[in-house]
Amino acid sequence: MTSQLLERSFAKMGARVKFGELVPERRVAPRDLVLDVRSDQRGEYFLIRRLDPSRMELVVLDVQPRDRHLLLLSRNGQEKHRFLLGHDERHWFVAGIPETTPVSRVQDAKQALKPEAVLISEHWLRPKYRDRRTNAARIRQGEWFFVPAVALQVNRLLALRNEPLVRGRGSKPHLCEELYRFGGETVYVSPGAPNGLTEGEYQALSSQERQHWSWRVMKRNPKVYVRGRVRHPDHATIVLGGWHEVFMNTENLSQAMSDIVFLD
């Protein structure tokens, strides 16, 4: 699609789009396409940057104006990626769809972003209720899903107060009133390694490399349960009356968004 056709598709859902040049960064794995949400004096807009626009084709597969979402396909030879772009509560967003689910509609893309536990929890709901931020099976806040854990027993001494839920790439944390976690992989996190290094990767660094950054020991993909208020500046505060298990959406399974991880 030409830039003009893409602009029209974005306008149908009430969004602006701009195009820019993608310049490879040193010490960063090269990418063919980067989708961002930026702001200017007129508000938020989508910024699309391609390394080689002559080879990278972009096609809008579906637009839902009332829902303010669209499904975008990027194609470079045999390589294809799909992205759900839309508006959630207060801001525009971009989410990569796992390549194992080659969807062609916005509705199917929303389902593809739900982890298996969430799909199982709401299979008995009527379809019209499954896309709501809150339904009888779970609650969603941004990229996080909260599923009731009725049988969970937690020693109150092990529950942490005002703890953040964090995913990679420097995203803003969701602050939880009470949080309980266990398991997961121990990783070392720093500004130079925002998604964490394993013990072996950290030990393989030179002493100079270790001293160059301040490091924090965290858990990658732990089992996490929360209750009480969950706050985030971009979303309305939710209140969880009992313990709920936390699940991140499946965007981390997308090759295009493979640097997203759950850190706690």
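Which residue of β6 does N76 stand opposite? N76 stands opposite E79 in β6. The model described here is predicted.

- Strand β5 comprises residues 69–76, and a loop separates it from β4, residues 57–64.
- Burial is the rule along β5, where seven of the eight residues are buried.
- On one side, β5 is joined to β4 by seven bridges, and these two strands run antiparallel.

- The hairpin formed by β4 and β5 has four residues between its strands.
- Within that hairpin, R68 adopts a positive phi near 60°, and R68 is a residue other than glycine.
- The accessibility of R68 is intermediate: its relative accessible area is 33%, so R68 counts as partly exposed.
- The hairpin of β5 and β6 has two residues between the strands.
- In the turn of this second hairpin, G77 has a positive phi of about 65°.

**The nonpolar cores**

- In soluble globular proteins, nonpolar side chains tend to be buried together.
- In this model the largest nonpolar core contains 20 residues.
- The residues with the most contacts inside this core are F10, M13, F46, L70, L72 and L85.
- At least two residues of the core are supplied by each of α1 (3–12), β2 (33–40), β3 (43–50), β4, β5, β6 and β7 (91–97).
- Strand β4 provides the largest share of this core, namely three residues.
- Another core, of 13 residues, lies apart from the largest one and includes V224, V226, V230 and M248.

**Contacts of L85**

- L85 is one of the residues with the most contacts inside the largest core.
- When residues up to four places away in sequence are not counted, L85 touches F10, M13, F46, R68, H69, L70, L72, F93 and V94.

**F247 in strand β16**

- F247 belongs to strand β16, which spans residues 235–248.
- With a relative accessible area of 17%, F247 falls under the 20% limit and is therefore buried.
- The C-alpha atoms of F247 and F145 are 5.1 Å apart in space, although the two residues are 102 residues apart in sequence.
- Leaving aside neighbours within four places in sequence, F247 is in contact with P115, A117, E143, W144, F145 and V147.

**N162 in strand β10**

- N162 is located in strand β10, residues 160–167.
- The phi of N162 is near 50°, a positive value in a residue other than glycine.
- N162 has a relative accessibility of 44%, so N162 counts as partly exposed.

Technical notes: Residues numbered from 1 in each chain as written. Predicted model: local features only at pLDDT ≥ 70, side-chain atom pairs only at ≥ 80, totals over all residues. Heavy atoms only, no water. Buried < 20%, exposed > 50% of the residue type's maximum accessible area, 1.4 Å probe, protein only. Pairing = 2+ DSSP bridges. Core = buried A, V, L, I, M, F, W, Y, C linked by side-chain atoms within 4.5 Å. Contact = heavy atoms within 4.5 Å.
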